[in-house]
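Please keep the sequence and the three-dimensional view at hand while reading.

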Amino acid sequence: MYRTIYRFTVLLVILTQAIKIKKVYGERLRDKIYVPINGASCFRRLNGTHQVGCSSTQSGSVGVLHLIEEKSDFDFLLRSLSAPPYAPMIPPYLFSRENIMRLKHEGGRNISVVLLIDSNTDKMTNFSHELQCPNQYSGIFFPNSTESPTCKANNQEGTWNPWGTGLLYEDLPFPVYYVPDQDEIKKLIKCFEDFNNFDYDSHSRRSLCAIEVNTFMSAAVSTEVCMRRTKFINNLGRTRYCDPLEGKNVFATLFPRKIQNHLDYVDNQEKYMIVTCRLDSTSMFELTGLGAMDSLMGFGTLVSAAHMLKLLLPDQSTLKNPQLNVMFVILNGESYDYIGSQKLVFDLENLTFPPRYTRTSPITFDNIEFVLDLNTFDDISSIRLHSISEFPQAKELLSKLKHYGSRKEYDFNIEFNSSLGYEMPPSSIQSFLRKNISFPACVLNAPPTNRYYHSIYDDEVNIKFHYANTSRDYTQLMSIDEAFRYFPADSVQMKIRNISSVVAMALYEMLTHENYKSNKLANPLLIDEFLYCFTMSADCPLFKAASKPNSLPALQIPPNRYISVAGSPQESTGWTYRILGYLLSNKMENVTESNCNYLPRNWFAGFDGRGQCRLTTQNYSLALSPAFLIEDYNWTSGEYSTWTESTWAPFSARMFLRPSRLHETITFSIGCVVLVISFCLIYIISTRAEVLFEDTGPGASTDA
């Protein structure tokens with residue numbers, strides 16, 4: 001018996017060591033077989049009736065690499081049956097709707113993966129996968145009709161995004177993987193050249209360079225189906241298949257509001273000019289798309305104008321009407337059927353805005369003088385004020401914009417014109433007008449010239465931004481002459497300074513009834529820092545000043561501005577909250593940090609980093625479509641946004657050599673033969689165990 005225990009112990013030790021050795025060398029072997037490829041993937045979103053985006057198979061999609069360099073290269077993929085399926089590597093200038101839809105409809109099983117490689121971008125003239133009429137099904141409609149008059153999708157010249165391909169809203173049968181890193185692209189192309197790019201007739205008889213992309217999406221069909229499956233609870237618990245697109249709006253008032261004890265009381269004496277802009281952007285791929293021209297220009301204009309007004313009007317008592325205030329609202333989720341503005345309108349209807357935790361009285365439509373939306377400013381030299389019909393505040397605002405935009409001493413050279421009627425850009429005011437077509441709302445918008453709207457290439461290069469990095473004080477207004485010491489007249493910093501100064505001057509006169517005569521304008525250094533933070537690095541002076549002293553450094557990448565879902569980092573919302581609080585607050589002198597730890601007091605590092613207490617007015621409100629709050633909502637009604645995002649496991653992509661079919665067949669056959677022989681040997685050993693394994697224990701017979 002002791003021998004048996006000893007043998008068992010020795011066998012266990014040997015087995016344990018073998019497992020360790022196998023693990024070590026197995027990992028090395030895996031690393032030799034597979035080369036990981038870093039990038040970003042297309043993913044699946046759903047609305048009330050459809051699914052859009054893409055997904056791999058559950059075990060991952062595998063395709064043989066094939067480089068596309070000209071349009072005729074697609075013919076090989078669609079006609080050759082040599083060694084499918086293939087994974088075409090497509091440069092941006094060939095990633096068009098025509099080519100992708102051809103792969104979708106004609107590719108069949110020949111196409112399993114599509115790679116978008118960031119090469120030869122100099123040949124690219126446009127790259128926008130948004131619709132030509134963004135949000136065309138969620139805006140204003142004719143009475144008793146489902147037709148939107150704001151954009152004519154059948155007339156490309158009359159659309160707001162004439163370069164749009166609509167691929168963002170296509171349901172693609174293969175994963176699309178974006179590879180931006182040039183080193184990774186070189187690996188892919190070298191592997192293709194070494195193993196694939198010769199003797200195409202023999203592809204089926206030799207090993208080929210391939211890629212496996214695993215981006216499987218859990219959700220399918222539509223939001224209605226997905227939410228029903230998610231709410232179903234079985235014995236093992238609930239499984240999440242999708243989540244609603246959800247974020248937060250950020251708002252702040254020019255002057256502090258009164259803290260109230262009775263939160264159901266509406267103060268009808270309070271009046272507000274509401275200035276809005278978009279916070280979010282989107283693109284086809286996860287964590288990409290800076291939205292520099294499509295929304296960051298309007299966002300920067302609002303921040304700059306709000307800061308200038310705060311410096312000009314520190315006290316509400318100086319106004320002709322001391323009950324008048326300005327509220328700045330930065331809306332999230334507007335790229336997906338106006339999620340943020342729909343929720344704002346819903347809250348105004350139900351007396352739940354601002355949220356009750358702000359301890360301020362609710363605001364209704366009757367409290368609002370008018371709404372001004374700062375939309376896209378592709379070309380700042382020519383801007384239109386759009387409204388459905390002329391109303392007194394819009395008429396007054398336009399006259400003041402024209403006046404200040406053409407003043408010779410400022411040299412803005414901005415032409416403002418009026419545009420009346422239903423032809424209106426995709427903007428947040430459509431949520432207000434959809435509820436009440438006569439509501440006093442207008443939008444400032446420039447003619448569309450952005451060829452990279454809602455895409456990975458709408459970045460700092462698209463707006464020709466160059467960081468000045470002056471390290472000078474950006475918290476004060478700057479004179480006309482001083483600004484030209486740092487920036488040329490045609491720089492994006494000066495362009496935003498010009499439009500934000502004009503907007504601030506016009507609002508200043510509407511608030512005070514006094515003409516603005518000073519030579520102090522918005523500070524382009526603030527705009528310089530703002531653009532740097534949101535397009536190049538979150539580890540920037542403005543974000544540091546709007547944080548607490550000695551805070552941990554932020555990531556050296558720009559914050560993602562896609563709305564995403566609940567539980568996601570939402571870093572752009574947090575930074576927006578901080579910079580609004582910092583720039584629209586009053587400094588409280590002689591207040592220590594220990595006495596500045598409760599709202600509305602906030603302790604900021606400040607420009608000098610020493611720390612300062614400021615009385616703030618900023619806050620959050622929920623940006624979630626009311627469709628997910630209304631019980632038994634009709635998902636196909638089209639009244640509210642119904643966008644959700646599929647859940648998924650972590651994305652991965654890896655390159656390897658795929659063996660030939662003959663090699664795979666031989667390997668499989670040998671495995672089957674070994675399996676059969678193993679079973680036979682086990683059977684023989686089992687039936688001869690008494691002979692092969694003699695028992696030599698204490699009770700065993702010792703007879704010869």
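Two strands are taken to pair if DSSP finds at least two bridges between them. This definition applies to the predicted model shown here, in which strand E3, residues 45-46, is joined to strand E26, residues 644-646, by 2 bridges. The two strands run antiparallel, and Leu46 stands opposite Thr644 in E26.

Strands E3 and E26 belong to an open sheet of 4 strands, ordered E4-E3-E26-E12, with antiparallel pairing. Its edges are held by strand E4 (51-52) and strand E12 (242-244); each has a single partner strand, so one side of each is left without a neighbour in the sheet.

A further open sheet is built from 8 strands in the order E1-E27-E9-E5-E6-E7-E8-E2, and its pairing is mixed. Strand E1 (35-36) and strand E2 (40-41) are the edge strands, each pairing on one side only. Within this order, strand E6 (residues 86-90) and strand E7 (residues 114-117) run parallel and are connected by 2 bridges. Here Ile90 of the model stands opposite Leu116 in E7. In general, the strands of a sheet pair through backbone hydrogen bonds, in either a parallel or an antiparallel manner.

These sheets are part of a protein that contains 16 helices and 27 strands. The C-alpha trace spans about 120 × 65 × 55 Å along its principal axes. Of the 704 residues, 55% count as buried. Among contacts between residues at least 6 apart in sequence, 79% join residues at least 24 apart.

One segment carries an annotation from a record: an unreviewed UniProt entry places the feature "transmembrane region" at residues 666-685. In the model this span is 100% helix and 0% strand, and its end C-alpha atoms lie 28 Å apart.

Rolling a probe the size of a water molecule over the atoms shows where empty space is left. The structure holds 6 cavities of 30 Å³ or more, and the largest cavity has a volume of about 130 Å³. Which residues lie nearest the centre of the largest cavity? They are Trp160, Thr376, Asp378, Pro448 and Tyr453, out of a lining of 16 residues.

Key. Residues are numbered from 1 along each chain as its sequence is written. This is a predicted model: local features need pLDDT of at least 70, side-chain atom pairs count only at pLDDT 80 or more; totals for chains, interfaces and linings use all residues. Side-chain values use heavy atoms; hydrogens and water are left out. On a 1 Å grid over the protein atoms alone, a cavity is a set of points where a 1.4 Å probe fits but cannot get out, and a pocket is an open set with protein on both sides within 12 Å along at least five of seven lines; lining residues have an atom within 4 Å of a point. Grid points are joined across faces, edges and corners, and a volume is the space filled by probe spheres set on the points. UniProt positions are given in the numbering used here, feature names are shortened, and annotations may be inferred rather than shown by experiment. Buried means under 20% relative accessible area, exposed over 50%, partly exposed in between (1.4 Å probe, protein chains only). Contact means heavy atoms within 4.5 Å.
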